[in-house]
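Open the model in your viewer and keep the selection tool ready. The stops below say what to select next and what to look for.

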Amino acid sequence: MAVVLHPRAHPGRGLQVWCGATGLSGVPALDWRLDGRPAAPVAVRPMAGARPPAMLSAPVGRAFTGVYEFRDGIAPGSTHDVTVTLPSGESAALRTQVLPDEVPRDPFQSFNVLLASCYHRAEDKAGAVAALVAGLPVPHRPHLALLAGDQVYLDLPTLMNFEGTLPWLADRFERTYVDNWFGSYAGVLGCAPSAAIPDDHEYWNNAPHPSPIVQESIGAGSRANWLAAAAQMFTAFQRSEPGGYERMLELDVPPLSFFLMDNRTFRSPDRVRTLPPGGLVQFQDWARRLRVQGLYGVVVTGQSLFQPPAPWFTGVFGDRHLSNYDDYPGIMSTLVRLAQDGRPVLCLTGDVHYGRILGAHDARTGAELYEVISSPASLVTSVGVDQFAGLANKVKGLFGHSDPTYRHRSAPAPPDSFTPTNVDTKFYLRQKYPLHGEKGNHVALLRFRRAGFGLELTVSYWLVGAGRAPVETTISLSPTW
């Protein structure tokens, strides 16, 4: 039996926490304390079994999760101690800071955002990623954590024989989440209020399309069971909002506004859409609001927006990109119009197993977009490929050229220009903006500071186990009007 608390980011100004308990047969009573005093938080999503009755193979040893919010006496930026105790006496404690109400006006202070994606627990059972985050210097400690997808790998190991029944899949997926949320990834989930979006491995590689390396995704029945079980676990462990979460999360820390775009959960097999019903309209409304309020847009996606459509073979046997779907032009044209209104737009993502900073400039209109990629936190095992790379690295070692990151990809150089599909804009990618590529397991730390009439963004990549100072890139986010 165990219980754990993780802080959550949300649009209000209260203190929100996710609570999880394992090894139980029924919903536990919870005794809460806030700053040492008895408390009664609002149940945003009351404690319930991660697996509902239809997904149960046995009623014992279950995980229960819920989301709770403390609203009274909570000031922006304040720090609080939260404790929850089960009837058995098991307890969990959390010390966390509430999101500030704005980016600090003191030029010597910053608003810090941790960006991470692609965490494979089998390669980090000792918790090296969590240790890295816990050891960040005080000026770099995050106020907000953005988890950009693949927080779990439900479709691994590749050679495992999964069963296609709903109870078996739900039980398997629940145990995978418990291993991460209660174990090696807990230090990252607990470092700051977090917000998460899924990518394909919250479901399976290239979901919702059948994958030749995931047998249960090929048959319609087992594929439907997998989707249902995976979506249920994502709701139980990663979503803060109750219900279907079809309205995507918007977080304001003026002059920043974050839009967390779920392009995976509602992605259609016919490639008509990646967003939930009404999602494009919500995104367009968000962009209009930013123009009125004079805020800087930060868009978080599970895949890069600067990728051309994947060709047929790659799309069937590998991964399709956002640009393979019909709602991509609407997404990109909304971003472009927002940037054309005079404030640079920042795109954050993961997925590709390398880190990179990219600057995009539309010479015709002056629109500027930047992209920061952080991937992976812990590189997934690739059967066969890793063994071959290891052998090649041993040969290099004989000549003094071994590479400790031999399993990782290097960030590719971008093309000179990029034209989004069906969007009347041409971005130049290599003319004047800084470009940095990162190889190896890492997280990215984004520090926002006030600078004149705009913002200064410093991006630092912290390599897991490197024992060296990070490489830093500074970008000026200034109005162009």
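Between which two strands is the place of Asp 424? Select the loop between strand S18 (417–418) and strand S19 (427–428): Asp 424 is there. Helices (H or I, at least four residues) and strands (E, at least two) are DSSP runs, numbered from the N terminus. Asp 424 is exposed, with a relative accessible area of 66%. Buried means under 20% relative accessible area, exposed over 50%, and partly exposed in between (1.4 Å probe, protein chains only).

Some ground rules before the next stop. This is a predicted model, in which local features need pLDDT of at least 70 and side-chain atom pairs count only at pLDDT 80 or more, while totals for chains, interfaces and linings use all residues. Residues are numbered from 1 along each chain as its sequence is written, and side-chain values use heavy atoms, with hydrogens and water left out.

**The core**

Select Phe 173, Tyr 177, Val 188, Trp 226 and Phe 237. These have the most contacts inside the largest nonpolar core, which has 46 residues. Such a core is a set of buried Ala, Val, Leu, Ile, Met, Phe, Trp, Tyr and Cys residues joined through side-chain atoms within 4.5 Å. Among the elements that each supply at least two residues of this core are helix H1 (128–134), helix H2 (166–184), helix H4 (220–237) and strand S21 (442–451). Zoom in on Val 188. Leaving out residues up to four places away in sequence, Val 188 touches Leu 114, Val 129, Ala 130, Val 133 and Leu 147. Contact means heavy atoms within 4.5 Å.

**The helix pair**

In the contact, H2 brings residues including Phe 173, Tyr 177 and Trp 181, and H4 brings residues including Trp 226, Met 233 and Phe 237.

**The open sheet**

Next, select S4, S3, S7 and S8. In that order these 4 strands form an open sheet, with antiparallel pairing. Strand S4 (37–39) and strand S8 (91–97) stand at the edges with a single partner strand each, so one side of each has no neighbour in the sheet. Two strands pair if DSSP finds at least two bridges between them. Strand S7 (residues 79–85) pairs with S8 over 7 bridges. Pick Thr 85: its bridge partner in S8 is Ser 91. Val 84 stands opposite Ala 92. Between these strands the hairpin has 5 residues, and Gly 89 takes a positive phi near 100°. Which residues make up the covered face of S8? Ala 92, Leu 94 and Thr 96 do; Ser 91, Ala 93, Arg 95 and Gln 97 form the uncovered one.

**Backbone stops**

Go to Pro 157, in the loop between S10 and H2. The peptide bond from Leu 156 to Pro 157 is cis, with omega near 0°. Asp 150 lies in the loop between S10 and H2, and its phi is positive, near 60°. Asp 150 counts as buried, at 2% relative accessibility. Finish at Cys 118, in the loop between S9 and H1. Cys 118 is not a glycine, yet has a positive phi of about 60°.
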